[in-house]
Amino acid sequence: ADFPYDTGPHLPLWQRSPISKGRQRLLNMDFAATRAIGRNILKILLDTNEAIMNKAIFPIPSALANFKENLAVGQYRHDVDFTVEDPQTFILSPVFDSFASDRKITGALGTNIYWKLFFENILQPSA
């Protein structure tokens with residue numbers, strides 16, 4: 001959805017790569033306004049100046065096709081079927097204008113942790 005200019009902060013996905021022609025609408029999506037990461041995660045980051053990790057979620061059946069499409073254009077595109085139904089966690093970290101004590105947040109860097117891939121080759125097979 002379009003939002004008035006002064007209603008931010010916003011979390012656009014404009015630096016997602018690679019992107020397919022069919023998924024270009026993602027480039028203009030305001031991720032901060034979606035339920036996928038939790039509507040308050042950006043506000044919490046701005047209030048605390050700390051990285052935020054939300055709870056692990058499983059894709060709901062009605063959103064599975066969309067989730068699979070998103071994986072297909074991301075860095076895990078070669079393992080979509082391996083990860084599509086497993087838990088993931090969104091993490092958002094602040095980007096500051098300096099290392100000084102009075103630093104200001106100038107942006108945020110976010111990513112998903114796909115737990116199945118994270119623990120692959122770390123845990124014993126019997127775990």
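Two strands count as paired if DSSP finds at least two bridges between them. Helices (H or I, at least four residues) and strands (E, at least two) are DSSP runs, numbered from the N terminus.

The model is predicted: local features need pLDDT of at least 70, side-chain atom pairs count only at pLDDT 80 or more, and totals for chains, interfaces and linings use all residues. Residues are numbered from 1 along each chain as its sequence is written, and side-chain values use heavy atoms, with hydrogens and water left out.

**Whole chain.** Colour by secondary structure. The protein has four helices and three strands, and along the sequence they follow the pattern α-β-α-α-β-β-α. Of the 127 residues, 25% are buried (under 20% relative accessible area; exposed is over 50%, partly exposed in between; 1.4 Å probe, protein chains only).

**The sheet.** Select the three strands. They form an open sheet in the order E1-E2-E3, with antiparallel pairing. E1 (52–53) and E3 (105–114) are the edge strands, each with a single partner strand, so one side of each has no neighbour in the sheet.

**Along E2.** Select residues 88–96, which are strand E2; its antiparallel pairing with E3 runs over nine bridges. E1 and E2 are also antiparallel, joined by two bridges. Pick Leu92 and look both ways: Ile52 stands opposite Leu92 on one strand, while in E3 the bridge partner of Leu92 is Gly110. Next pick Phe90, whose bridge partner in E3 is Asn112.

**Gln88.** Stay in strand E2 and centre on Gln88. Is this residue buried or exposed? Gln88 is buried, at a relative accessible area of 8%. Its side chain makes a polar contact with the side chain of Asn112 at 3.3 Å (a pair of N or O atoms within 3.5 Å; within protein, one must be able to donate a hydrogen and the other to accept it, and residues adjacent in sequence count only if both atoms are side-chain atoms). Now show the surroundings. Leaving aside neighbours within four places in sequence, Gln88 is in contact (heavy atoms within 4.5 Å) with residues including Lys55, Ile57, Phe67 and Trp115.
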